[in-house]
Amino acid sequence: MSKISPNILITGTPGVGKSLMCRLLSERTGLTWIDVSKFAIENKCSEEYDEVYQCPILDEDKLLDHMEELMCKGGVIVDYHGADFFPERWFDIVFVLRTDNTILYDRLKERGYTGKKLEDNIDCEIFQTILEEAKSAYEEGMVHELMSNNMNEVTSNIDRICQWIVQWKIDNEP
């Protein structure tokens with residue numbers, strides 16, 4: 001059985017606007033949005049707690065086992081700040097959201113990020129860590145970088161992705 005809708009990975013440093021974009025995209029397209037952090041908690045896919053970063057440590061294998069069946073059906077938007085451990089076969093396209101560092105700094109401070117956690121996430125964006133991970137984990141041409149500094153860019157990105165979905169459906173008609 002072939003998929004009737006594509007699977008999309010939306011990734012990027014925390015604070016770049018992944019969840020906002022995924023929620024709006026899901027509302028507009030009817031695709032299923034999986035916020036991996038919440039999904040992992042709901043399905044008990046964490047090993048322990050990281051005191052430095054103040055977050056659970058993900059059990060990637062357990063998470064992938066729980067997600068496999070959902071991904072095979074298609075029509076899923078996956079929202080996570082990591083990209084390189086998901087199987088390439090799961091996705092039809094990958095979008096890496098990027099944000100200017102001054103904007104990202106303010107967003108993360110507003111979320112309560114401080115110290116090493118704040119510094120490391122800003123460094124991650126400066127050095128394009130998530131973008132580089134995605135490019136090395138997925139086939140060339142599959143990874144697309146999108147700026148996400150304001151609502152105009154978010155809206156434009158959603159329009160662009162919706163156009164891509166329409167074309168995907170045309171190209172993949174049975």
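Student: Is Q128 buried, partly exposed or exposed?

Tutor: Remember that this is a predicted model. Q128 has 31% relative accessibility, so Q128 counts as partly exposed. Q128 lies in the loop between α5 and α6 (129-137). The phi of Q128 is positive, about 55°, although Q128 is not a glycine.

Student: Where is K44, and what is its phi?

Tutor: K44 sits in the loop between α2 and β3 (46-50). Its phi is positive, about 50°, and K44 is not a glycine. K44 counts as exposed because its relative accessibility is 62%.

Student: How do I read a helix, say α3?

Tutor: Start with the span, then look for a bend. Helix α3 (residues 60-73) has 14 residues and reaches 20 Å from first C-alpha to last, close to the expected 20 Å. α3 bends by about 45° at M67. M67 is also one of the buried residues of α3, with L63, L64 and M71. These buried residues pack against β2 (32-35), α2 (36-42), β4 (55-58) and β5 (76-80). After α3 comes G74, with a positive phi near 85°.

Student: How do the axes of α4 and α5 cross?

Tutor: Take distance and angle together. The axes of α4 (residues 101-110) and α5 (residues 115-126) come within 10 Å and cross at roughly 155°. That makes the two helices roughly antiparallel. The crossing is right-handed. N101, L104, Y105, L108 and K109 of α4 make the contact with L118, N121, I122, E125 and I126 of α5.

Conventions:
Residues numbered from 1 in each chain as written. Predicted model: local features only at pLDDT ≥ 70, side-chain atom pairs only at ≥ 80, totals over all residues. Heavy atoms only, no water. Helix = DSSP H or I, 4+ residues; strand = E, 2+ residues; numbered from the N terminus. Expected span 1.5 Å × (residues − 1). Bend = angle between axes of the 7 residues up to and from the residue. Buried < 20%, exposed > 50% of the residue type's maximum accessible area, 1.4 Å probe, protein only. Contact = heavy atoms within 4.5 Å. Axes fitted to C-alpha atoms, helices over the stretch in contact; angles between N-to-C directions. Parallel < 35°, antiparallel > 145°, perpendicular 65-115°, else oblique. Left-handed = near helix turned anticlockwise from the far one by under 90°.
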